[in-house]
Amino acid sequence: MADDIFKALADPTRRTILDELAERPGQTLFEICARLSMKHELAMSRQAVSQHLAVLEAAGLVESRREGRYKFHDLNTAPLRHIAERWTRPDEGETAP
């Protein structure tokens with residue numbers, strides 16, 4: 001699972017998509033494409049953005065839900081917390097929060 005997460009985070013476009021979902025959860029593919037184009041000047045096809053979202057979903061970093069004709073995407077930070085907890089430990093001189 002960690003390999004999928006690191007692969008997903010290795011691409012700057014996917015990190016930008018995650019930033020956008022952190023800023024504004026529950027976006028459709030159209031909204032994500034529009035924000036990437038207008039805010040970040042990334043001209044990408046809907047298919048390319050959809051493929052990036054598929055990689056992020058496979059890594060567990062993005063969750064999607066369908067409501068009628070629309071598919072909404074949300075950031076899932078749980079896999080990131082799991083990785084951070086894996087290698088970080090409080091210093092012996094410090095007390096845990």
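Where is the place of Ala58 in the chain? Ala58 sits in helix α4, and we'll come back to that helix several times. What you're looking at is a predicted model. The chain has 97 residues, and buried ones make up 32% of them. Here's a tour, topic by topic.

**The overall layout**

- Starting at the N terminus, you'd read the elements off as α-α-α-α-β-β-α.
- If you draw a box around the C-alpha atoms along the principal axes, you get roughly 50 × 30 × 25 Å.

**The hairpin**

- Strand β1 covers residues 62–67, and this strand pairs with β2 in the antiparallel sense, over six bridges.
- For one of those pairings, look at Arg66: its bridge partner in β2 is Lys71.
- Together β1 and β2 make a hairpin, with two residues between the strands.
- Check out Gly68 in the turn, which has a positive phi of about 65°.

**An aromatic pair**

- Search the whole structure for aromatic pairs and you'll find one.
- The partners are Tyr70 and Phe72, whose ring centres are 6.4 Å apart.
- Their planes meet at 45°, so this pair goes down as tilted; planes have to be under 30 degrees apart to count as stacked and over 60 to count as edge-to-face.
- Why those two numbers? Because a pair of aromatic rings is described by the distance of the centres and the angle of the planes.
- Is Phe72 buried or exposed? Phe72 has a relative accessibility of 17%, so it counts as buried, since the cut-off for buried is under 20%.
- Tyr70 has a relative accessible area of 48%, so this residue is partly exposed.

**The nonpolar core**

- In soluble globular proteins, nonpolar side chains tend to be buried together.
- Here the largest nonpolar core holds 17 residues.
- The members that touch the most others are Ile17, Ile32, Val49, Leu53, Leu56, Leu61 and Val62.
- Which elements give two or more residues to this core? They are α1 (2–10), α2 (12–23), α3 and α4.
- The biggest giver is α3, with four residues.

**The largest pocket**

- The largest pocket has about 210 Å³ of space in it.
- Its lining is made of 13 residues, and the ones nearest the centre are Thr28, Leu29, Arg46, Lys71 and His73.
- Three elements each supply at least two lining residues: α3 (29–40), α4 (46–58) and β2 (70–75).
- Which of the elements gives the largest share of the lining? That's α4, with five residues.
- Sort the lining residues by type and you get five nonpolar, three polar and five charged.

**Glu41, a loop residue to look up**

- Glu41 lies in the loop between α3 and α4.
- Its phi is positive, about 55°, although Glu41 is not a glycine.
- Glu41 has a relative accessibility of 72%, so it counts as exposed; the cut-off for that is over 50%.

**Sequence gaps and distances in space**

- Gln27 belongs to the loop between α2 and α3, and at 0% relative accessibility this residue counts as buried.
- Arg65 is in strand β1, and with 35% relative accessibility this residue counts as partly exposed.
- Gln27 and Arg65 are 38 residues apart along the chain, and their C-alpha atoms are separated by 10 Å.
- Now try Arg65 and Thr88: they're 23 residues apart along the chain, with 32 Å between their C-alpha atoms.
- Back to Ala58, the residue we opened with: Ala58 is exposed, with a relative accessible area of 61%.
- From Ala58 to Ile83 you count 25 residues in sequence, and the C-alpha atoms of the two are 16 Å apart in space.

How values were computed. Residues numbered from 1 in each chain as written. Predicted model: local features only at pLDDT ≥ 70, side-chain atom pairs only at ≥ 80, totals over all residues. Heavy atoms only, no water. 1 Å grid on protein atoms, 1.4 Å probe; cavity = no way out; pocket = protein on both sides within 12 Å on 5 of 7 lines; lining within 4 Å. Points joined across faces, edges and corners; volume = space filled by probe spheres on them. Nonpolar A, V, L, I, M, F, W, Y, C, P; charged D, E, K, R; others polar. Pairing = 2+ DSSP bridges. Phe/Tyr/Trp six-rings, centres within 6.5 Å; stacked < 30°, edge-to-face > 60°. Buried < 20%, exposed > 50% of the residue type's maximum accessible area, 1.4 Å probe, protein only. Core = buried A, V, L, I, M, F, W, Y, C linked by side-chain atoms within 4.5 Å.
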